[in-house]
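Please look at the sequence and the model below before reading on.

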Amino acid sequence: MTWALHIARALEYMHENERIIHLDVKPQNMALNSALQIKLCNFESSSRMEEIIFTQEVGTPVYMAPEVFIDQKEYSEKCDTYSWALSFWRCFMEERPFNDCPDRATLNVEKRKSERSLAIIPESSEFPSEMNAIIQECYSHDSASRPSMTNVVKRLEKILNINQP
């Protein structure tokens, strides 16, 4: 869960301080350094919020937020929130999201469904139910309902009992 917090902090910094949306958050764009610290990488698709060109072809379809995948005219940093949730859901479940979608057409249909939910990650001492709640909220089909990464960071710090000034 510490790695989830580190990536959440990186996204929070990008969104709040630099006004950048990553647009391709996924496990393959996270790397461990020699000190086993996780880092967000591959900023090829990233864009400043005020300079963003809205296009459907940004990111990796499985991890794309519905508003990006189905080519809505506007999206925000909340698309990174969605991708963060799916990335860590995959890490905790050791299963690819939308694994039941054999092709892009099927994925397109599934991404348009607002009622599709993620399987609940089994609760354990390493994975408290509060983490499931965060992931499920971040995965919301409605981008306005997703929490900001600032909110996610605060909640993760509380779960991990990390006091920040």
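At 27% relative accessibility, what does R9 count as: buried, partly exposed or exposed? R9 counts as partly exposed, because 27% lies between the limits of 20% and 50%. The model discussed here is a predicted one.

## Helix α1

Helix α1 covers residues 2–18. The helix has 17 residues, and the distance from its first C-alpha to its last is 23 Å, close to the 24 Å expected at 1.5 Å a residue. After α1 comes R19, which has a positive phi near 60 degrees.

Several residues of α1 are buried, namely A4, L5, I7, A8, L11, M14 and H15. An α-helix has 3.6 residues a turn, so residues three or four places apart point the same way. The buried residues of α1 pack against the strands β1 (20–21), β2 (30–32) and β3 (38–40), and also against the helices α3 (78–93), α5 and α6.

## How α1 meets α6

Two packed helices are described by the angle between their axes and the distance between the axes. For α1 and α6, the axes come within 8 Å and cross at roughly 150 degrees. An angle over 145 degrees counts as roughly antiparallel, and α1 and α6 are therefore roughly antiparallel to each other. Their crossing is left-handed.

On the α1 side, the contact is made by A4, L5, A8, R9, L11, E12, H15 and E16. On the α6 side, M149, T150, V152, V153, L156 and E157 take part.

## Salt bridges

Side chains of opposite charge can pair when their charged atoms come close. The structure holds four salt bridges. One of them joins the side chains of E157 and R9, with an N to O distance of 3.0 Å. This pair links distant parts of the chain, since E157 belongs to helix α6 (residues 149–159) and R9 to helix α1, 148 residues apart. E157 is buried, with a relative accessible area of 10%, whereas R9 is partly exposed.

Another salt bridge is formed by E137 and R155, whose closest N and O atoms are 2.7 Å apart. E137 lies in helix α5 (residues 129–138) and R155 in helix α6, so this pair ties together parts that are 18 residues apart in sequence. Both partners count as partly exposed: E137 has a relative accessibility of 34%, and R155 has one of 23%.

The side chains of D24 and K26 also meet in a salt bridge, at 3.8 Å from N to O. Both D24 and K26 are buried.

Key
Residues numbered from 1 in each chain as written. Predicted model: local features only at pLDDT ≥ 70, side-chain atom pairs only at ≥ 80, totals over all residues. Heavy atoms only, no water. Helix = DSSP H or I, 4+ residues; strand = E, 2+ residues; numbered from the N terminus. Buried < 20%, exposed > 50% of the residue type's maximum accessible area, 1.4 Å probe, protein only. Expected span 1.5 Å × (residues − 1). Contact = heavy atoms within 4.5 Å. Axes fitted to C-alpha atoms, helices over the stretch in contact; angles between N-to-C directions. Parallel < 35°, antiparallel > 145°, perpendicular 65-115°, else oblique. Left-handed = near helix turned anticlockwise from the far one by under 90°.
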